[in-house]
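Open the model in your viewer and keep the selection tool at hand. Each stop below says what to pick and what is there.

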Amino acid sequence: MTTNNTLRNFRIVLWVLVAVAAIGATALYAFRPPQRPLGVTGQEFALASTQGGSFTQNDLRGTPSLIFFGFTYCPIVCPTTLSETTAWREQLGLTASDLRIIFVSVDPDRDTLELVKGYVEGVDPTIIGLVGSEAETERAKSAFGVFSEKTGDVDSEFYDINHTALTFLIDADGTFQGTIAYEEASDTALGKIERMVKG
């Protein structure tokens with residue numbers, strides 16, 4: 001009988017400890033929720049910026065951003081997207097201090113810093129262009145889950161590139177808030193941006 005009572009008491013104590021641990025974990029989550037990763041995956045990256053210096057995952061903090069991956073030789077998707085993002089910003093009455101537009105090159109073989117600088121500033125002088133070596137570009141792509149590959153005559157300088165055609169929304173905390181698809185309805189895109197900026 002004593003053994004049964006001891007076993008029962010042990011089980012009671014064990015369940016009490018489990019309950020206390022569960023309550024403690026819930027309280028910890030409620031008052032100190034886990035931090036979300038910077039960008040999409042939280043992976044580190046560093047690229048040269050057309051505005052000088054280096055741009056890393058830590059620089060995602062501070063100002064909400066629209067981030068698009070592309071290349072300067074892109075015939076339609078990239079120039080269209082850059083034009084749309086600047087138009088959305090203007091329609092919402094926002095400035096570059098309210099919403100950054102960032103273009104990341106996926107073409108390290110052809111896109112130099114100077115070439116990208118001229119390309120983005122030809123659309124809007126406030127657009128930030130980012131470039132890197134092949135390894136640096138791959139790390140940045142991985143940090144956002146972006147895909148790209150050369151197509152066509154890949155052994156010449158006239159190759160094309162298939163790439164993810166999404167615009168990433170990153171809020172002022174540097175965390176991922178969603179995407180805008182290529183050719184997504186303007187009203188929908190504007191709504192997403194406004195919600196992110198007003199947060």
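**Before you start.** This is a predicted model, in which local features need pLDDT of at least 70 and side-chain atom pairs count only at pLDDT 80 or more, while totals for chains, interfaces and linings use all residues. Residues are numbered from 1 along each chain as its sequence is written, and side-chain values use heavy atoms, with hydrogens and water left out.

**Stop 1: the sheet.** Select the strands (DSSP runs of E, at least two residues, numbered from the N terminus). Seven of them form an open sheet of mixed pairing, in the order β2-β1-β5-β4-β3-β8-β9. Strands pair here if DSSP finds at least two bridges between them. Now pick β2 (54-56) and β9 (176-181): these are the edges, each with a single partner strand, so one side of each has no neighbour in the sheet. On average, neighbouring strands are turned by 30 degrees against each other, direction ignored.

**Stop 2: the hairpin.** Select β1 (residues 46-49). β1 pairs with β2 in the antiparallel sense over 3 bridges. The two form a hairpin with 4 residues between them, and G52 in the turn has a positive phi of about 100 degrees. Where does A48 find its bridge partner in β2? At S54. In β5, the partner of A48 is V131. β5 (residues 128-131) runs antiparallel to β1, joined by 2 bridges.

**Stop 3: β3 and β4.** Select residues 65-70 and 100-105. These strands, β3 and β4, run parallel and share 6 bridges. F69 stands opposite V104 in β4.

**Stop 4: helix α2.** Select residues 77-91. Helices are DSSP runs of H or I, at least four residues. G93 follows α2 with a positive phi, near 70 degrees.

**Stop 5: S156.** This residue sits in the loop between β6 (148-151) and β7 (160-163). A polar atom of the S156 side chain lies 3.1 Å from the backbone oxygen of D153. The S156 side chain also reaches the backbone nitrogen of F158, at 3.0 Å.

Note on methods. Axes are lines fitted to C-alpha atoms, for helices over the stretch in contact, and angles run from 0 to 180 degrees between N-to-C directions. A polar contact is a pair of N or O atoms within 3.5 Å; within protein, one must be able to donate a hydrogen and the other to accept it, and residues adjacent in sequence count only if both atoms are side-chain atoms.
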